[in-house]
Amino acid sequence: MKVKKTCIFITLFFLILIGISALFTLLQGEMPLKEKVAIVNVEGPILQSKNIVDEIKSYIKDRSVKAIVLRIDSPGGGVVPSQEIYEEVRKAAVQKKIVVSMGSVAASGGYYIASPASRIIANPGTITGSIGVIMEVPNIKGLMDKIGVKTEVIKSGRYKDIASVFRGIGSEEREILQGVMDEVHWQFIKAVSEGRRMPVEDIRKIADGRIFSGSQALKIGLVDELGSLEDAVKVAAKMAGIKGEPEVVKKKERSPILDLLDGKIQESISKVIPKTELKYMYIP
């Protein structure tokens, strides 16, 4: 008898919990959620895209987030990660207002990912632009000859060891690599043209790798206005129709160990292995 009463009690208890949960869900759907502006930080070299893309996607799905501020403090990075983030920002801007806030530097790949945003805000002294592509290939042939070390290459095709660090680049190889660079450069120009809704020829005139201050970029149309991160949040809130002070949210800081695994190791490898990248000019 006691066992039966206990079972009935447990069943009723769980039914009550289910009822409360259902009621809470219903009320939550009816209650207005506090309107938020989310900040997504892009800092340092752009070596991978997954974390940024996932973060943007999560805010797009969040109904309480009405606008996103993309805070960029990056000198650039790899072509493909930049293109993947660009594409996500482009898609996100169709659903919600995306405002870019440029920090100390937002150049090359850093500008690439900014270009499709709803609005771009830079500080007067921000270093931006650097619309160009570069491939750097170390040549240690002279050193190898000096110390008497040679490499033996077995390959399946004539150009399989193109851009090898153990020898120079021949004229035919240079022509092939230049063709790749020109194509990727064109992709960059086209992306900025579409993102900023500016004529391709206007972008091409300034797409020679040169950099600009935030003030200079404003004059040529690469940014929309000058201001700080705080200004960007206010602009995003206003564009999204948020009344009053918005709640600002951002992702919790990741573990330094994860950052090391995701970024530092890749950065170290990238210094050894030649790759095509959206290169930036360092300003001391």
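Residues are numbered from 1 along each chain as its sequence is written, and side-chain values use heavy atoms, with hydrogens and water left out. Because the model is predicted, local features need pLDDT of at least 70 and side-chain atom pairs count only at pLDDT 80 or more, whereas totals for chains, interfaces and linings use all residues.

The protein contains 10 helices and 11 strands; these are DSSP runs numbered from the N terminus, with H or I over at least four residues for helices and E over at least two for strands. Of its 284 residues, 37% are buried, where buried means under 20% relative accessible area, exposed over 50% and partly exposed in between (1.4 Å probe, protein chains only). The accessible surface of the protein is about 17,100 Å², and carbon and sulfur atoms account for 59% of this area. Accessible areas come from the Shrake-Rupley method with a 1.4 Å probe, and for residues only the protein chains shown count as cover. Among contacts (heavy atoms within 4.5 Å) between residues at least 6 apart in sequence, 76% join residues at least 24 apart.

Strand β4 spans residues 97-107 and is mostly covered, with eight of its 11 residues buried. Strands are taken to pair if DSSP finds at least two bridges between them. Strand β2 (residues 65-74) runs parallel to β4 and is joined to β4 by seven bridges; in this pairing, Ile 68 has Ile 98 of β4 as its bridge partner. Strand β5 (residues 119-122) is also parallel to β4, with four bridges between them, and Ile 121 in β5 is the bridge partner of Ser 101. A parallel pairing over three bridges links β4 to strand β6 (residues 127-129), where Thr 128 of β6 stands opposite Ala 106.

Two aromatic pairs are present in the structure. Rings of Phe, Tyr and Trp (its six-membered ring) pair if their centres lie within 6.5 Å; planes under 30 degrees apart count as stacked, over 60 as edge-to-face and the rest as tilted. The rings of Tyr 86 and Tyr 112 are edge-to-face, because their centres are 5.3 Å apart and their planes lie at 90°. This pair links distant parts of the chain, with Tyr 86 in helix α3 (residues 79-95) and Tyr 112 in helix α4 (residues 109-112), 26 residues apart. Tyr 86 is buried at a relative accessible area of 6%, and Tyr 112 is buried at 4%. The rings of Tyr 112 and Phe 188 have centres 4.5 Å apart and planes at 25°, so this pair is stacked. Phe 188 belongs to helix α6 (residues 171-196) and is 76 residues from Tyr 112; both residues are buried. Through these ring pairs, Tyr 86, Tyr 112 and Phe 188 form a cluster.

The whole structure holds 14 salt bridges, each defined by a side-chain nitrogen of Lys or Arg within 4 Å of a carboxyl oxygen of Asp or Glu. In one of them, the closest N and O atoms of Glu 88 and Lys 91 are 3.7 Å apart. Glu 88 and Lys 91 are separated by about one helical turn, because they are three residues apart in helix α3. Glu 88 is buried, at 9% relative accessible area, whereas Lys 91 is partly exposed at 39%. Asp 161 and Lys 155 form a salt bridge with a closest N and O separation of 2.9 Å. Here Asp 161 is buried, at a relative accessible area of 16%, and Lys 155 is partly exposed at 41%. Lys 155 and Asp 161 are linked with Arg 167 and Glu 173 in a network of salt bridges. A salt bridge also joins Asp 208 to Arg 210, with the closest N and O atoms 2.7 Å apart; Arg 210 is partly exposed at 39% relative accessibility.

A nonpolar surface patch consists of Ile 140, Leu 143, Ile 147, Val 149 and Phe 166, which together have about 420 Å² of accessible area. Patches are made of residues with over 30% relative accessible area and no salt bridge, with like charges joined within 9 Å and nonpolar side chains (Val, Leu, Ile, Met, Phe, Trp, Tyr) within 5 Å. Ile 140 is located in the loop between β7 (134-135) and α5 (141-147) and is partly exposed at 31% relative accessibility.

Val 248 lies in strand β10 (residues 247-250) and is partly exposed, at 43% relative accessibility. Beyond its neighbours within four places in sequence, Val 248 contacts Val 37, Ile 39 and Val 233. The C-alpha atoms of Val 248 and Val 37 are separated by 5.0 Å, although the two residues are 211 residues apart along the chain.
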